[in-house]
Amino acid sequence: MTSKKMAIMVIVMVMASLVIERSVAIDLCGMTQAELNECLPAVSKNNPKSPSQLCCNALKHADYTCLCGYKNSPWLGSFGVDPKLASGLPKECDLANAPAC
């Protein structure tokens with residue numbers, strides 16, 4: 001998967017986690033809700049931050065086959081996620097060899 005596609009899928013996962021109530025523990029594509037939430041500030045349109053080490057660690061063990069299933073989700077923009085920032089997550093996290101969709 002290209003870095004851009006992988007990052008977009010990560011963003012979609014983050015968005016999906018936001019739709020679910022915070023009181024419900026989830027595991028989406030091998031990432032917990034807390035791990036998904038760790039990645040959100042790095043892809044936010046408003047005042048983006050560098051990805052946290054927890055976000056990068058979560059991406060290392062994520063199920064990319066599962067993530068690829070979310071790549072065409074229409075929800076990306078509705079959560080304030082910047083696709084360009086999302087496409088840069090793998091590079092920011094030094095995940096140059098991430099699997100491709």
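Let's start inside the protein: C39 counts as buried because its relative accessibility is 0% (buried means under 20% relative accessible area, exposed over 50% and partly exposed in between, with a 1.4 Å probe and protein chains only). C39 pairs up with C55 in a disulfide, with 2.1 Å between the two sulfur atoms (a disulfide is a pair of cysteine sulfur atoms within 2.5 Å). What you're looking at is a predicted model, where local features need pLDDT of at least 70, side-chain atom pairs count only at pLDDT 80 or more, and totals for chains, interfaces and linings use all residues. Residues are numbered from 1 along each chain as its sequence is written, and side-chain values use heavy atoms, with hydrogens and water left out.

**The overall layout**

- The chain has five helices and two strands; helices (H or I, at least four residues) and strands (E, at least two) are DSSP runs, numbered from the N terminus.
- Of the 101 residues in the chain, 42% are buried.
- Take the contacts with a separation of 6 or more: 71% of them are between residues 24 or more positions apart (contact means heavy atoms within 4.5 Å).
- The chain's accessible surface is about 5,500 Å², and carbon and sulfur atoms account for 54% of that; accessible areas come from the Shrake-Rupley method with a 1.4 Å probe, and for residues only the protein chains shown count as cover.

**The disulfides**

- How many disulfides does the chain have? The count comes to two.
- In the C39 and C55 pair, the torsion about the S-S bond is about 105 degrees, so this disulfide is right-handed.
- That pair links distant parts of the chain, with C39 in helix α2 and C55 in helix α3, 16 residues apart.
- C55 has a relative accessible area of 0%, so C55 is buried.
- The other bond runs from C56 to C93, with an S to S distance of 2.0 Å.
- Is the C56 and C93 disulfide left-handed or right-handed? It's left-handed, because the torsion about its S-S bond is about -70 degrees.
- This pair also links distant parts of the chain: C56 sits in helix α3 and C93 in the segment after α5, 37 residues apart.
- Both C56 and C93 are buried.

**The loop between α2 and α3**

- N47 lies in the loop between α2 (33-43) and α3 (53-60).
- The phi of N47 is near 55 degrees, which is a positive value in a residue other than glycine.
- N47 is exposed, because its relative accessible area is 56%.
- K49 belongs to the loop between α2 and α3.
- Is K49 buried or partly exposed? With a relative accessibility of 46%, K49 counts as partly exposed.
- Leaving aside residues up to four places away in sequence, K49 touches P41 and A42.
- K49 and L85 are 36 residues apart in sequence, and their C-alpha atoms are 9.8 Å apart in space.

- Where would you find D94? Look in the segment after α5 (83-92).
- D94 isn't a glycine, yet its phi is positive, at about 55 degrees.
- D94 counts as exposed because its relative accessibility is 70%.
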